[in-house]
Amino acid sequence: MNPAYTTVDHVFTVPLDHSAPNGEHIQVFAREVVDPARADERLPWLLFLQGGPGGKSPRPSAGSPGWLDQALQTHRVLLLDQRGTGRSTPVTARAAARFTSPAQLSAYLGHFRADSIVADAELIRRQLCRDEPWETLGQSYGGFLTLTYLSRAPEGLRACYVTGGLPGLTATADEVYARTYPRVRDRVLDFYARYPDDARRLRQISDLLTTTEIRLPDGDRLTTRRLRTLGLALGMGDGFERLHWLLEESLDTDGELTDTFLHQVRNLTGFTDNPLYAVLQETLYGQGAGPTGWAAARALDGFAEFTEEADPLLLTGEMIYPWMFREITGLRPFADAADLLAARPDWPPLYDARRLAANQVPLAAIVYHDDMYVDAELSLRTAREVGATRVWVTNEWEHDGVTTSGGRVLARLMDLAAGRA
């Protein structure tokens, strides 16, 4: 039986700081994937830019990720582990603990934003593609990377496809979170409308955590505010069901939290595999307009319905809070450095508005009307500000539609970019 895919592993040596090419270097890993029947053909390249930040690229298996078979009909795909993730000199709690000071760690982490990832991609493209442009597929944060790519090196791009990830080009962290909390509130209320018993169950668990010290398997105390971060899952296509089934097995017949529940909560909220998601989340919106300053935490104070005493108990979403770095084992080594990142006032811009307005690289993007993570209004504003952009707005899928649609989203975006739809 023939394997589903032919794969080739690549490891590239890149500068930690691309402005200092003779300084420290790191390793960046990428996996080439091609249809075995076309392995010897010269096919156009499609670079996949993963969501996150801090997420490694998917590991392919038959039919997964859902867009891959569609892409392999016409392209050779490169699955990039962005710097700091997967096999690309990963940034882990253990690695962070080796730094001698928070300032040193903070300076190091400052080299893991979109500008550095794009510079890595350009170095890789020139090695793999003989300086020919390639195409990109950017999922979620991968769309943010795409706009940085178009701002800094459009000559390296033939066409770009973005799924649920057109950022607000000038949106500050404060504006982003002011818009995010109402969307999360509405999604949680929709979840409770579908599963009303879960609202009562979550309140029961919260009351238990308030009166009893309960520890997760790694020793961290489970608190109501950590419990509420389970709401992060609700923006995905199967998020309601995943959370519901988790809560279904949360309490035993004596009203105590089950080992199964505690184990899963630890895995879902521990950031063991992707600490960069927490560390870099608000730096996405740092563009020289002053410090981000823990914007999600400050915005929370403006929404009374999100207090822990409010009824119903509202979960939170894609927000990172300073308490996480003191209370979660996998984030503690980053705590002081994260404070320095939040206070940094001089983040360089990630987007070039003039260059994007004059863009001529075909850009096709899907905007999910009800996206919990990326504001649709900001996405549509960006689409109007970037040249050669065609947008498809739909509520047929959630944020992970490119994966759950079985290739239909990618196929239509390719048609849009090529002028076939």
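A crossing of two helices is left-handed if the near helix is turned anticlockwise from the far one by less than a right angle, and right-handed if clockwise.

## Basis of the report

This is a predicted model, in which local features need pLDDT of at least 70 and side-chain atom pairs count only at pLDDT 80 or more, while totals for chains, interfaces and linings use all residues. Residues are numbered from 1 along each chain as its sequence is written, and side-chain values use heavy atoms, with hydrogens and water left out. Helices (H or I, at least four residues) and strands (E, at least two) are DSSP runs, numbered from the N terminus.

## Helices α3 and α14

Helix α3 (residues 102-109) passes helix α14 (residues 335-343) with axes that come within 8 Å and cross at roughly 60°. Axes are lines fitted to C-alpha atoms, for helices over the stretch in contact, and angles run from 0 to 180 degrees between N-to-C directions. The two helices are therefore oblique to each other; angles under 35 degrees count as roughly parallel, over 145 as roughly antiparallel, 65 to 115 as roughly perpendicular and the rest as oblique. The crossing of α3 and α14 is right-handed.

In contact (heavy atoms within 4.5 Å), P102, A103, L105, S106 and L109 of α3 meet D336, A337, L340 and L341 of α14.

## The mixed sheet

An open sheet of eight strands runs in the order β1-β2-β4-β3-β5-β6-β7-β8, with mixed pairing; two strands pair if DSSP finds at least two bridges between them. Because β1 (6-15) and β8 (389-394) stand at the edges with a single partner strand each, one side of each has no neighbour in the sheet. On average, neighbouring strands are turned by 20° against each other, direction ignored.

Within this sheet, β3 (residues 45-49) and β5 (residues 134-139) pair in the parallel sense over four bridges, and L46 has E135 in β5 as its bridge partner. Helix α4 (residues 114-128) packs on the sheet, touching β1, β2 (25-34), β3, β4 (76-80) and β5, and its direction makes about 125° with that of β1.

Helix α6 (residues 173-194) has 22 residues and should span 32 Å at 1.5 Å a residue, which agrees with the 31 Å between its end C-alpha atoms. The expected span is 1.5 Å times one less than the number of residues. Among the buried residues of α6 are Y177, Y181, V184 and V188, where buried means under 20% relative accessible area, exposed over 50%, and partly exposed in between (1.4 Å probe, protein chains only). Their cover includes α7 (196-211), α9 (239-248), α12 (295-300) and α16 (376-385).

A358 lies in the loop between α15 (353-357) and β7 (363-368), and counts as exposed because its relative accessibility is 53%.
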